[in-house]
Amino acid sequence: MKKAALFIPCSVNLILPGIAGAADLVLKRLGVTTVYPDNQTCCGQMVYNKGFFDQAKSFARHFIQVFENFDAVVCPSGSCTAMVKNRYPTLFDDDPSMKKRAELLSTRIFEFSEYIVDVLKIEDTGAVFNGKVAYHESCHLNRDLGISAQPKALIRAAKGAQLVHMNNADQCCGFGGEFSVAYPDISNALVESKVKCYLESGADILVLGEPGCLLNINGYLERNHPEKRAMHIAEFLAEQGEHHGC
Amino acid sequence: MDVKTESYVAEAKKELVNPSSRMFLDFFLPVLSAVREIGLSSFPAPQAAVERARAIRRQSVGRLGELLETFERNAMKAGAKVFWAKTAADANMYIRDLINRHKIPYVTKGKSMITEEMGLNDVLAKNGTSVYETDLGEFIIQLLEKPPFHIIGPAINIPTDEICRIFMERAGMEKPTTDPVALGQAARDFLRDKFKHMQLGITGVNMAVAETGSIINVENEGNIRFNKSAPAIQVSVMSIEKIVATMDDALHMLRMLCRNGTGQKLTSYVTVDTGPRKTDEMDGPEELHIIIMDNGRSRIYENPKTREVLQCIRCGACINICPVFRQIGGYPYGWAYTGPIGKLLNPLLLGLDRTTDLYGACTLCNACKNVCPAGIDHPSMILYFRNRNMKQDQVLNGKGATFSERFFANTAGIAGSYPIVWNTATKIGKAAAARFGADHPLVKAWTEKRAFPPMPKKTYRDIRKK
């Protein structure tokens, strides 16, 4: 029996708890015992991206302490995983013992779809979805973590799902955390262009692995194309036939 | 050239709805990125070729001082005059004095980013020297008095009717036309006359080869070749980082530069010059002046965190792929360099305080880093700038954090270590945002065009606890 600790990003915990519930459900269905360390807080990406590296360090110290004793930490967000995996070790260049702990944790944290495909070696999760599916290659999953084949394999293996091509699938949707509110005009233009590609793809649903992109794309869809929506990969895989397209 | 980096947001807003910019941005940039992919696929092992290029650039910059000295020695041995310019002003003055000494009435130029950075045209205009840009795009924007829109296609966004108007007004074109070929011919006729009587030509340098003392230029119009071979005096300006160790390295970087810039295996013209005309040679300049300009780059070099930016070969691949550039184009960057490389070079050369939006308006999507054939990690350097800006870095002219920014980060940093505090604070924040948030500018920035999902009653933590 595999055991994994769930790292639930702030946006999911506070605004989109359904994603965490779905991730938990899918992992349990695949025979994984999940643990939710309830002393977890935040990875610190938000202050880090603003340039507050020292403050990010205190988030990192706490995070490492909470999660370092698990063999596997699973997170339904690419950018939060990348923060821990790729950024944490660079924060402690002046602190060799913390750096070592950060590097060790870096080998034990997995993005949700990566964990299922690469660690559990499962592609068919028993998900059922009747319809065409487009996949948005969220930047931090795709380019920061190199995760692209895994979620697509999971989508392809879902019963009834047909993965279709979407133009510019790997172009940023314009979320970028604070970017979306600091530069709303550019951000809007980007999400508009992303949604245009989604509509042109003819897909019934847009699946992705990043809560930030989801907030952004669904926020735009609700205003402009309320009949369409995007879905987190965990929610997509949790589907077992009760939902038919859009 | 004028520095307009502080009007980034306003310029971006204009460009987002500018139809002629949109046309180019929406269709041409994705095409450029696609032809780059096709170009790279002509290598037997594309990724290995990219890795080799990155290693060459890393090593060239790592050995910068030594290679520049070797280059100087070999260039002088071949008969070139080498001038080290500490600042843009030094370089401008050298060229101005040369022009005045030889009583030269006008000069012609090949397209170069470095002379944009120096503001050379303005200096020469003040000196009473006419300057003719001879690259078609650069010629158009010179007449229009506009900054370059893109480092490879400076006028690529200008519609043909605007080109027609300005050619009739300022380039002696007699009959109106919007036929691109006819417009090209009009520019050619006008410039051919200038080439005929030219005495001094100015170009940039794409690569300088240390072991041979040669300078290399790539182009598609033949105008740089004219500038380098027809006049009695040739002036070529390079920034210190243009150096590579060997001709073998240079040839590999050429293959990379062309494929990454335009998707071509090689541009239509490649010129390699080693010294001026020799006694037994038919053509070439009598004098070759090579200006090696620093203009703040030694300082960039001294800092191991910023040195990497000197690896850039100005191919433009990062610009074409950048999602932000694809929306706003080149004007908002407000100075010589645009796109991701502009987000790095402009702040380093102008100061972090004047360029906050350049490194601020980035989603950290990593597309630039991913395509860069020179091995630059743009997002990491952007994050480094944000950090140095908050820290009020003296060397880089950091502005410092505002009180509320620092207060928020410090409080968050402390709360992040105490789960009870964190959970209480985030819940209060969530409730406050739901109740009172609608008028907050940050919330408005989101909700103007996008909906925000209804706040759930329970956090996942609450749900899980049950």
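Colleague: How do α5(A) and α6(A) run relative to each other, roughly parallel or roughly antiparallel?

Modeller: Welcome! This is a predicted model, where local features need pLDDT of at least 70, side-chain atom pairs count only at pLDDT 80 or more, and totals for chains, interfaces and linings use all residues. Numbering starts from 1 along each chain as its sequence is written, while chains are lettered from A and ligands numbered from 1 in the order in which they are written. The axes (lines fitted to C-alpha atoms over the stretch in contact, with angles from 0 to 180 degrees between N-to-C directions) of helices α5 (residues 78–91) and α6 (residues 96–106) of chain A cross at roughly 165 degrees. With angles under 35 degrees counted as roughly parallel, over 145 as roughly antiparallel, 65 to 115 as roughly perpendicular and the rest as oblique, α5(A) and α6(A) are therefore roughly antiparallel.

Colleague: Which residues of α6(A) make the contact with α5(A)?

Modeller: Contact means C-beta atoms, placed from the backbone, within 7 Å. From α5(A) come Val84(A), Lys85(A), Tyr88(A) and Pro89(A). The partners on α6(A) are Lys99(A), Ala102(A), Glu103(A), Leu105(A) and Ser106(A).

Colleague: Which strands stand at the edges of the open sheet in chain B?

Modeller: The 4 strands follow the order β8-β5-β6-β9 with mixed pairing, where a pair needs at least two DSSP bridges. Strand β6 (residues 214–219) of chain B, for one, pairs with β9(B) in the antiparallel sense over 5 bridges, and Glu219(B) stands opposite Tyr269(B). The edge strands each have a single partner, so one side of each lacks a neighbour in the sheet: they are β8 (243–244) and β9 (269–273) of chain B.

Colleague: How many residues does chain B give to the contact with chain A?

Modeller: Chain A brings 50 residues, and among the elements that give two or more of them are α2 (17–29), α4 (53–67) and α11 (184–201) of chain A. Chain B's share is 49 residues.

How values were computed:
Two residues are in contact if their C-beta atoms, placed from the backbone, lie within 7 Å.
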